[in-house]
Amino acid sequence: MTADHADQKVAVITGASQGMGAALVRAYRELGYAVVANSRSIAPGDDPGVAAVAGDVADPATADRIVATAVERFGRVDTLINNAGVFVPKPFTEYTVADYEFVTGVNLTGFFHITQRVIARLLTQGEGGHVVNMTTSLLDQPNSAVAAGLTALTKGGLAAVTKSLAIEYARSGIRVNAISPGNIATPMHADDDTTALAAMHPLGRMGAIADIVAGIRYLEAATFVTGETLHVDGGQSAGH
């Protein structure tokens, strides 16, 4: 760590190589943060304020390397964005054991390993911090046209643990919040029927990555908000 980084805040962002994650890396750099960016195959870039850590978030060794990199390069951790996630829509009875292991590995096991290590580091620093989890508005408004049992199982767990950890660590100044997106125009939906996806939202359009970034920037600045799930979904969770 150099003297230039002594007072700089540091964000850890998983699933950071493309789409929403890459936009969040840019957003936190614009806020003046250094960033440790993780995905399975992320490559180092030219920005000295971004440290790339390639690896499977479901592997505890990856979580160890992410936090070690943050401390060695930048001296601290302040925010964790649990952006890594996978979506496998399929009728519940057709899920395979491999599907189950894949979805729970990224969505739950990955969350567990990195969040446990980051919160431990935040407690050691003693200056509070912030964790943001990504859920989905399908938890509030399941849709008969979207069979997503493993999504409900895993992202529902994240929604519940958001409140649990927010209360557990509130007195340590560590805030824990969640973003609940609707259908967002990311590379994941590049081959999908975007008209149908837009129609799932009362506002009549798909969300933009910028909408999610705006929500997370709000949560970062909102120091009296914890245990909250912010729906960025064009009204989807409210009804249809």
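**Reading the packing and the sheet**

Reader: Why are α3 and α4 described as roughly parallel to each other?

Author: In this predicted model, helix α3 (residues 97-125) and helix α4 (residues 149-168) pack at an angle of about 15°, with their axes 9 Å apart. Angles under 35 degrees count as roughly parallel, and α3 and α4 are therefore roughly parallel to each other. The crossing of α3 past α4 is right-handed.

Reader: What makes the contact between α3 and α4?

Author: On α3, the contributing residues include Tyr100, Val103, Leu108 and Phe111; on α4, they include Leu153, Leu158, Val161 and Leu165. By class, the residues of this contact are ten nonpolar, four polar and two charged.

Reader: Why is strand β1 said to be largely enclosed by the rest of the structure?

Author: Buried means under 20% relative accessible area, and five of the five residues of β1 (residues 10-14) are buried, so the strand is largely enclosed. Val10, Val12 and Thr14 point one way, Ala11 and Ile13 the other, and all are buried.

Reader: How do you know that β1 pairs with β2?

Author: A pair requires at least two bridges; five bridges join β1 to strand β2 (residues 34-39), and the two run parallel. Within this pairing, Val10 stands opposite Ala34.

Reader: What makes β3 and β7 the edges of the sheet?

Author: The seven strands of this open sheet follow the order β3-β2-β1-β4-β5-β6-β7, with parallel pairing. β3 (50-54) and β7 (229-232) each have a single partner strand, so one side of each is left without a neighbour in the sheet. For β7, four bridges join the strand to β6 (residues 174-181), and His231 is the bridge partner of Ser180.

Technical notes
Residues numbered from 1 in each chain as written. Predicted model: local features only at pLDDT ≥ 70, side-chain atom pairs only at ≥ 80, totals over all residues. Heavy atoms only, no water. Axes fitted to C-alpha atoms, helices over the stretch in contact; angles between N-to-C directions. Parallel < 35°, antiparallel > 145°, perpendicular 65-115°, else oblique. Left-handed = near helix turned anticlockwise from the far one by under 90°. Contact = heavy atoms within 4.5 Å. Nonpolar A, V, L, I, M, F, W, Y, C, P; charged D, E, K, R; others polar. Buried < 20%, exposed > 50% of the residue type's maximum accessible area, 1.4 Å probe, protein only.
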